[in-house]
Every structure is written in structure tokens, then in C-alpha cells.
Amino acid sequence: MLPAGYTVRPLEASDHAAYLDTLRVLTTVGDISEADFGELWRYWTRHRDIFHPHVIANADNVVVATGMLLVEKKAIHGCGLVGHIEDIAVAALEQGKKLGLSMIAALAERARGAGCYKVILDCASRNVGFYEKCGFEHLGCEMVKRFH
Ligand code: ACO
């Protein structure tokens, strides 16, 4: 499904600059130093049963797409696991090459492999068609209470 030379792989600490740049197509990222990013990456790595940050890298191993899977251990459904997909972003010049589709497929497969009984996500209405093409169905409403 991926174009030749592109790979899906876990995020590495050395992806700092390209990872943050790619996320800027999604939202405000802020000024995150290499040291702060390293600390964040180590935090995610210490909690690797919960955080599964992934990227798609091009043939030069530069990040061009991002995606995060969080695995939540619940009480309901017999202490079941639910996967949450977050922070999907494809660099502007790389959109339309099925990278988003490949990232979602990889994260959903990882959620299945981790034992999740379902995987869910929130998105803007403009992206509903994209997630339907990824095999997701529309269910319920997204709600928010902002603190900042
Ligand atoms: N609405 C409807 N269909 C779409 C959309 C859309 N917004 N975007 C892509 N598609 C379609 C494509 O046409 C393609 O259809 P086809 O298989 O019939 O040819 C299919 O979905 C797969 O498209 P991809 O090439 O995989 O899409 P791309 O790699 O460009 O990634 C994405 C899509 C992630 C929405 C990208 O445009 C992006 O990064 N947008 C900005 C950031 C963003 O909105 N991210 C999602 C946040 S939601 C979250 O993180 C849970």
C-alpha cells in the first residue's frame, strides 16, 4: 500500500525536527527543544504498553507522516483494552499518496495485535470521508470542555 521506499516504523528520538514539522499540518505544536522532545520520547518509551507513536519515513528516513495509538486498559468488558488513534498528520506535499490510509491500517493492526476489542478516534467533519475509506464508521458525537 505504501509508495516504494516509504516505511511505517516506531518514532525515534532523532526524528525530533521532522516529526514536529509534520504535526504542524494538524495543529499548533509550539517550540519544543530537542531536549524536551527527548524527554517526551523517553516518557512514551517507559510507558510503551500505553503509547505507540509511529511515523512514516521516506526513502531518506525523513518523517513525512505521524500517528499515535494509545492503549487504554478498562474495567468494562472484562478489563478490556480499547485503542485510541490520535495525531494523524501527513506532510502537505505528501498528501494523496495513501500515507494516511497506511498509517491508520498500521495502527489499527497494532491495536488488534495488542488485544484491543475496538479502536476509536475523534475527527473533524471534513475528515469523516477519509476515515470511512479507512474502514471506520460514524458513531455518536465528539464533546469538549477546554481549559486553555
Ligand atoms: N475527506 C474525504 N476523503 C479523503 C480525505 C478527506 N478529508 N482525505 C483523503 N481522502 C481520501 C482520498 O481521496 C483517498 O481516497 P481513494 O482511496 O478513493 O483514492 C483515501 O481517502 C486515502 O487518502 P490518503 O492518500 O491516505 O490520505 P492522506 O495521506 O492525504 O491523509 C489526512 C489524509 C491524514 C486527513 C491528511 O490530509 C492530513 O494530514 N490532513 C491534515 C491533518 C488532519 O486533519 N489530520 C487528521 C486529524 S484526526 C486524528 O488525528 C484522529
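This is a predicted model: local features need pLDDT of at least 70, side-chain atom pairs count only at pLDDT 80 or more; totals for chains, interfaces and linings use all residues.

Me: Okay, so is Arg112 buried or exposed?
Reply: Arg112 has a relative accessible area of 59%, so it is exposed because the cut-off is over 50%.

Me: And which residue does Arg112 form a salt bridge with?
Reply: Its partner is Glu109, and the closest N and O atoms are 3.2 Å apart. Glu109 counts as partly exposed, at 45% relative accessibility. Both sit in helix H4 (residues 99-114), three residues apart, so about one helical turn separates them.

Me: Are Lys97 and Glu94 buried or exposed, or something in between?
Reply: Lys97 is partly exposed at 34% relative accessibility, while Glu94 is buried at 12%. For the other pair, Lys74 is partly exposed with a relative accessible area of 24%, and Glu72 is partly exposed too, with 29%.

Me: Why would side chains like that pair up at all?
Reply: Side chains of opposite charge can pair when their charged atoms come close.

Me: Changing topic to the strands. How many residues of strand S2 are buried?
Reply: Seven of the seven residues of S2 (residues 51-57) are buried, so this strand is largely enclosed by the rest of the structure.

Me: Which residues are on each side of S2?
Reply: Phe51, Pro53, Val55 and Ala57 are on one side, and His52, His54 and Ile56 are on the other. Both faces are covered.

Me: What does S2 pair with?
Reply: Strand S1 (residues 7-10) is joined to S2 by four bridges, and the two run antiparallel. Thr7 stands opposite Ala57 there. S2 is also joined to strand S3 (residues 63-73) by seven bridges, again antiparallel. In that pairing, Pro53 has Met68 as its bridge partner.

Me: How many residues lie between S2 and S3?
Reply: There are five residues between them, and the two strands form a hairpin. In the turn, Asn61 has a positive phi of about 65 degrees.

Me: Which other residues have a positive phi?
Reply: Cys79 has one of about 55 degrees although it is not a glycine. Cys79 lies in helix H3 (residues 76-79) and is partly exposed at 44% relative accessibility. Lys98 has a positive phi too, about 70 degrees, and it is not a glycine either. You'll find Lys98 in the loop between S4 and H4.

Me: Which strands does S4 pair with?
Reply: S3 and S4 pair in the antiparallel sense over eight bridges, and Lys73 has Leu81 as its bridge partner in S4. S4 is also joined to strand S5 (residues 118-120) by three bridges, and those two run parallel. Val82 stands opposite Lys118 in S5.

Me: How many residues of S4 are buried?
Reply: Seven of its 10 residues are buried, so S4 is largely enclosed by the rest of the structure. Asp87, which is found in S4 (residues 81-90), is partly exposed, with a relative accessible area of 37%.

Me: Which residues gather with Asp87 on the surface?
Reply: Glu86, Asp122 and Glu142 gather with Asp87 in a patch of negative charge.

Me: Last one: where is Lys145?
Reply: Lys145 is in the segment after helix H5 (128-133). Its relative accessible area is 67%, so Lys145 is exposed. Lys145 and Ile85 are 60 residues apart along the chain, and their C-alpha atoms are separated by 20 Å.

Terms used: Residues are numbered from 1 along each chain as its sequence is written. Side-chain values use heavy atoms; hydrogens and water are left out. Patches are made of residues with over 30% relative accessible area and no salt bridge: like charges are joined within 9 Å, nonpolar side chains (Val, Leu, Ile, Met, Phe, Trp, Tyr) within 5 Å. Accessible areas come from the Shrake-Rupley method with a 1.4 Å probe; for residues, only the protein chains shown count as cover. A salt bridge is a side-chain nitrogen of Lys or Arg within 4 Å of a carboxyl oxygen of Asp or Glu. Lys and Arg count as positive and Asp and Glu as negative; His and the chain ends are not counted. The place of a charge is taken as NZ of Lys, CZ of Arg, CG of Asp or CD of Glu. Buried means under 20% relative accessible area, exposed over 50%, partly exposed in between (1.4 Å probe, protein chains only). Two strands pair if DSSP finds at least two bridges between them.
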